[in-house]
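Here is a short briefing to read with the structure open beside you. Take it one topic at a time, and try to find each residue as it comes up.

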Amino acid sequence: MLVLIGIAIIIAGFMLRFNPLLVIMASALATGIAAGLDVTAIIAAFGKAFNDTRYVSIIWIVLPVIGLLEAYGLQQHARSIIGRMKGATLGRLLTGYLLLRQAMSAVGLTSVAGHAQTVRPLVAPMAEAAAEAKNDALTDDQREEVKAFAAATDNIGLFFGEDIFLAIGSILLMKGVLDGYGYQIEPLHFSLWAIPTALAAFLIHGFRLRRLDRRMAAKVEAAA
């Protein structure tokens with residue numbers, strides 16, 4: 001029962017609002033000691049876990065770069081580019097990004113774009129600029145809706161595009177489960193059957209973006 005002391009430490013630490021990283025480390029140390037491990041073995045376990053998941057932490061390297069780019073006016077430049085493009089509407093911009101996101105995810109480039117790398121510094125400001133081109137008096141609620149659609153477009157493009165890639169984890173998981181039940185199915189078949197779903201997702205979300213354009217235009221006409 002002593003090994004469960006780690007759970008109690010986590011609950012108490014979060015209730016007292018201590019630093020989450022310190023709480024988790026204290027919980028791990030307490031659990032390891034209660035299980036009879038020495039401090040060296042516990043530290044070695046920390047090192048092994050970090051080494052096994054080191055590629056997951058690569059994303060954090062991108063964040064300082066994004067911060068520097070934003071400090072030097074990345075969002076303002078993105079807005080100005082869209083502002084100079086005639087015919088660039090909010091729906092068309094996000095539909096183009098949806099197509100790009102799905103295409104890149106379908107070939108395994110899932111980390112090229114994303115909320116931190118692309119949506120916040122580029123796509124959301126460009127979407128706002130496209131909306132402002134039709135209505136320069138956007139309300140706060142409308143701005144939040146534009147940002148929400150930009151984030152949703154990224155999610156949909158990634159979710160329904162990545163399953164087309166043969167080596168994605170979900171396909172390998174399904175193959176492993178079915179192999180365990182005696183069904184031998186090649187990953188290519190999973191990939192091919194994901195294409196109709198991806199096309200349907202593109203058409204449905206594209207229709208929603210078109211409706212967003214019309215809804216924004218209707219609000220402008222009502223305010224005129």
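In this predicted model, the largest pocket has 17 residues in its lining. Nearest its centre lie Thr89, Leu90, Gly91, Asp213 and Arg214.

**The largest pocket**

- The volume of the largest pocket is about 270 Å³.
- Helices α6 (90–106), α7 (115–134) and α10 (187–223) each contribute at least two residues to the lining.
- Which helix gives the most to this lining? That is α10, with seven residues.
- By type, the lining residues are seven nonpolar, five polar and five charged.

**Salt bridges**

- Side chains of opposite charge can pair when their charged atoms come close.
- In the whole structure, a search finds six salt bridges.
- One of them joins Glu128 and Arg143, whose closest N and O atoms are 3.0 Å apart. Glu128 sits in helix α7 and Arg143 in helix α8, so this pair ties together parts that are 15 residues apart in sequence.
- Is Glu128 buried or exposed? Glu128 is buried, because its relative accessible area is 6%, and the cut-off for buried is under 20%.
- Glu145 pairs with Arg215, and here the closest N and O atoms are 2.4 Å apart.
- Arg215 has 31% relative accessibility, so Arg215 counts as partly exposed.
- Salt bridges with shared partners also join Glu128, Glu132 and Arg143 into one network.

**A pair within one helix**

- Lys147 and Glu144 form a salt bridge too, with the closest N and O atoms 3.7 Å apart.
- Both belong to helix α8, and because they are three residues apart, about one helical turn separates them.
- Both partners are partly exposed: Lys147 has 36% relative accessibility, and Glu144 has a relative accessible area of 47%.

**A charged residue without a partner**

- Glu162 belongs to helix α8, which covers residues 140–162.
- Although Glu162 is buried, it has no salt bridge.
- Where is the nearest side chain of opposite charge to Glu162? It belongs to Arg101, 7.6 Å away, while a salt bridge needs a nitrogen and an oxygen within 4 Å.
- Leaving aside residues up to four places away in sequence, Glu162 touches Ser105, Thr110 and Ile168.

Notes. Residues are numbered from 1 along each chain as its sequence is written. This is a predicted model: local features need pLDDT of at least 70, side-chain atom pairs count only at pLDDT 80 or more; totals for chains, interfaces and linings use all residues. Side-chain values use heavy atoms; hydrogens and water are left out. On a 1 Å grid over the protein atoms alone, a cavity is a set of points where a 1.4 Å probe fits but cannot get out, and a pocket is an open set with protein on both sides within 12 Å along at least five of seven lines; lining residues have an atom within 4 Å of a point. Grid points are joined across faces, edges and corners, and a volume is the space filled by probe spheres set on the points. Helices (H or I, at least four residues) and strands (E, at least two) are DSSP runs, numbered from the N terminus. Ala, Val, Leu, Ile, Met, Phe, Trp, Tyr, Cys and Pro count as nonpolar, Asp, Glu, Lys and Arg as charged, and the others, Gly among them, as polar. Buried means under 20% relative accessible area, exposed over 50%, partly exposed in between (1.4 Å probe, protein chains only). Lys and Arg count as positive and Asp and Glu as negative; His and the chain ends are not counted. Contact means heavy atoms within 4.5 Å.
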